[in-house]
Amino acid sequence: MPLRPLTAAVLGAALLGACAFTPVEVELQAPVSAQSSRIYAADGRLITVLHAEENRENVTLDEMPRHLVDAVVAVEDARFFDHRGVDVKAILRAALANVSEGEVVEGGSTITQQYVKNALLDPDRTINRKVEEALLAIQLEQRYTKERILELYLNTIYLGNGAYGVQAAAFEYFGVPAAELTLAQAALLAALIRAPSTTDPYRRPEQALARRNRVIDRMVSLGWLDPRSAEAARTEPLGLGERRAEERYAAPHFVERVKRFVLDDPRFGATPAERRALLFTGGLRIHTTVDLDLQAQAEAAVSRVLSDRARDPDAALVAIDNRTGFVRALVGGDDFFGGGERAKLDHATQARRPAGSSFKPLVLAAAIEEGIPLDRVYPAPGTMEIPLTHEVWRVSNYGGGGGGHVDLHQATVRSYNTVYAQLIMDVGPADAVAMASRLGVLTPLEPFPSAVLGTNPVSPLDMAAAYSTFANRGLRIPPAFVTRVVGPDGSVLYEHRHTQARAVSRHTADLVTGVLVDAVEHGTGTRARIGRPVAGKTGTGQEWRDAWFVGYTPELTTAVWIGFSEEGLRSMVPPRTRIRVTGGSWPAEIFQLFMSAALAEVPVLHFAEPEAAPEDGEEGDGTPADVSLPVVRDVVGLPAGPATEVLTRNGFVVVRQDTPSDDYPPGIVVAQRPPAGSRARDGTTVMILVSDGTAASGVVPDVLAMPGDDAAAAIRRAGFAVELIEEAEPPAPGAEHRTGRVWKQSPAGGTRRTTGSTVTIWVNPPDAAEVAAEG
């Protein structure tokens, strides 16, 4: 088609669009600056302000240097001071240039139109929208001076790297206010307007430099800059200032999860763009579940065990409040702010890794639900072959252990793979992975026989959620990160609602808990003991590539994973790591350090004794109908009499047990079981622990590095029982000089514990030279 007819066709389409468009009177106002959103911890402390996506600071036109204004007008709208909002000559020139090139190479929008498009309209690119843009630009020019429009434009234009407006961009790229920009610097900002990403001076300095020099040339051609000044400016380097350090704040991986909660939920906007705008510019107040004290303790536990950042593997930790499902602490990796893009990956919720033997309790729950008793005996050879449909499955125990016959209880405590391989064939792989989903594992799982050994990749959040169901005596409570989202006007946009459903019977959950208590006390998880009832299970992946410990008390469930995240999945064995890492080593130690600190001031609760097996239909099957059961009210802090009255009025049978307490006066309820918020049938027994007025605890003495006998004597003098374990410590500087001395204790020195409870100390044997390998 010849050039003139095509141009006419384009203009004709525009005119037709104008005829079809019905103008609407719009009250034009200066734009309201975006409002930052704030994220708060569970106790109301501010964690961070979300403003990085739109860094904006307004300045007046008088505060901008003349060469900045000239540079912008030169390249964006040279006839700005001559037209009345729409530049017909520029439109025709752009149309001719675009037709001759066969693509869009030049725009015809004036600065006024650009402002209208950016500040007053949505980004649709249609004929009607372009017409509306032009009409609104004309209205704007009738109401505002050229200088005011230019000031609005220069304060709202996006200049890359989160900077909106010339003031924010001047600080972003050069570390100075707009008033101090040099000619070359001003030309660079003008160069960024049309394509801030493709001319990003940080990532594409050559393209940015070339575009800057074209701006300078344009100023010369318009007669707004003399050639000598232009040549001096062209020879200057970009001269970027040091890039601003990323703002640091607490619980960064948790914060990223909170951001995704808003960005992924259509309740906060129909499109991803709307949700992003609301999150970063909508002035939200987001209240979360994280406990910053527990978060700090979790990070400290990981750092203490994985002390060599250059050599040690990655780690993740998730801690869930069993009563509410609230995620109280989350460690997704090391050095979120300084470790590069790899450190941004959240190993706690985003990454998926094989769970190893920590998956076995989920299969055990399926077996119990199907009527397989814990005292069923299985052969437990070190290695066995199980015929499948098209192959033979060869299974071996860790370290080749085993032999003879054992029941399911002991097979779990000792983590015998060969027994569990037989068990999943009895249960059925499909039923086993279905049980995992019922318990709270949301990652899709493949129903292979090897699933019992944890070959399916899962997240630490998956495992913490599933084990929390055991702690809740079979009630599944979904993990929660956000409790409330409030708009800038105080309107509540989201309010967390507690939901729960029965996944397994109390009988099943209690039996699994009993087995896992033994796994910590006498099995592979002994390093996770914390001086109070705890249940848990270790997991070690193939070739020592993954190591897990997942455990819980009645109050808190914590999952710990350790492994290398790089491609190739390196094994955690010497010399790559300081020790051969298994679930019972570093993960259990991190769990022990964290849980000891997290529960130091929490009254000790004991797990419930297993109930009799339910009759068919006696308990819920995991459907939402279970939420119709009455809720156990929170009576902690009430006098025993009113507490009993409240619970009795709700249909429960109350049993009182007096107990020492450091925190409550005599006669006040210090704890209850089941916990507040649980749902239970009428007639269920609720135990209340009531302060008897005596001190409940003493301070555990710090006996590290003391001779074993002296340490034991000091612990007894403080009113505690003592358990002494002779075991060589892992390789560490000076270990050869600590023969016969304490290298680890649990609970840690300085913490308060119930008097009469046991303090465990680990003492180097007199002839210890090497660390014994874990079996």
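Which residues touch the most other members of the largest nonpolar core? Select Ile286, Leu362, Leu423 and Leu439: of the 89 residues in that core, these touch the most other members. The model on screen is predicted.

**The cores**

Keep Leu423 selected and show its surroundings. Leaving aside neighbours within four places in sequence, Leu423 is in contact with Val363, Leu364, Ala367, Ile372, Tyr378 and Leu408. Next, select Val72, Leu140, Tyr173 and Ala187, which belong to a second, separate core of 52 residues.

**Salt bridges**

Side chains of opposite charge can pair when their charged atoms come close. The model has 25 salt bridges, and a few are worth a stop.

Go to helix α10, residues 227–234, which holds both Glu231 and Arg234. The two are 3 residues apart, about one turn of the helix, and their side chains form a salt bridge with an N to O distance of 2.8 Å. Colour the pair by accessibility: Glu231 is partly exposed, at 44% relative accessible area, and Arg234 is also partly exposed, at 25%.

Now select Asp334 and Arg309. Their salt bridge has its closest N and O atoms 3.4 Å apart. Asp334 sits in the loop between β7 (327–331) and α14 (341–344), while Arg309 sits in the loop between α13 (292–305) and β6 (314–321), so this pair ties together parts that are 25 residues apart in sequence. Asp334 is partly exposed, with a relative accessible area of 36%, whereas Arg309 is exposed, at 57%.

Then move to Asp43, Arg45 and Asp293, which salt bridges with shared partners join into one network. Within it, Arg45 and Asp43 form a salt bridge whose closest N and O atoms are 2.7 Å apart. Arg45 counts as partly exposed, at 36% relative accessibility.

**A three-stranded sheet**

Finish with strands β21, β22 and β23. In what order do the 3 strands of this open sheet run? The order is β21-β23-β22, with mixed pairing. β21 (653–659) and β22 (669–673) are the edge strands; each has a single partner strand, so one side of each is left without a neighbour in the sheet. From one strand to the next, the twist averages 25°.

Zoom in on β22 and β23 (residues 685–691), which pair in the antiparallel sense over 4 bridges. Select Arg673 here; opposite this residue, in β23, stands Met687.

Last, show helix α22, residues 640–649. This helix packs on the sheet and touches β21, β22 and β23. The direction of α22 makes about 170° with that of β23.

Terms used
Residues numbered from 1 in each chain as written. Predicted model: local features only at pLDDT ≥ 70, side-chain atom pairs only at ≥ 80, totals over all residues. Heavy atoms only, no water. Core = buried A, V, L, I, M, F, W, Y, C linked by side-chain atoms within 4.5 Å. Buried < 20%, exposed > 50% of the residue type's maximum accessible area, 1.4 Å probe, protein only. Contact = heavy atoms within 4.5 Å. Salt bridge = Lys/Arg side-chain N within 4 Å of Asp/Glu carboxyl O. Pairing = 2+ DSSP bridges. Axes fitted to C-alpha atoms, helices over the stretch in contact; angles between N-to-C directions.
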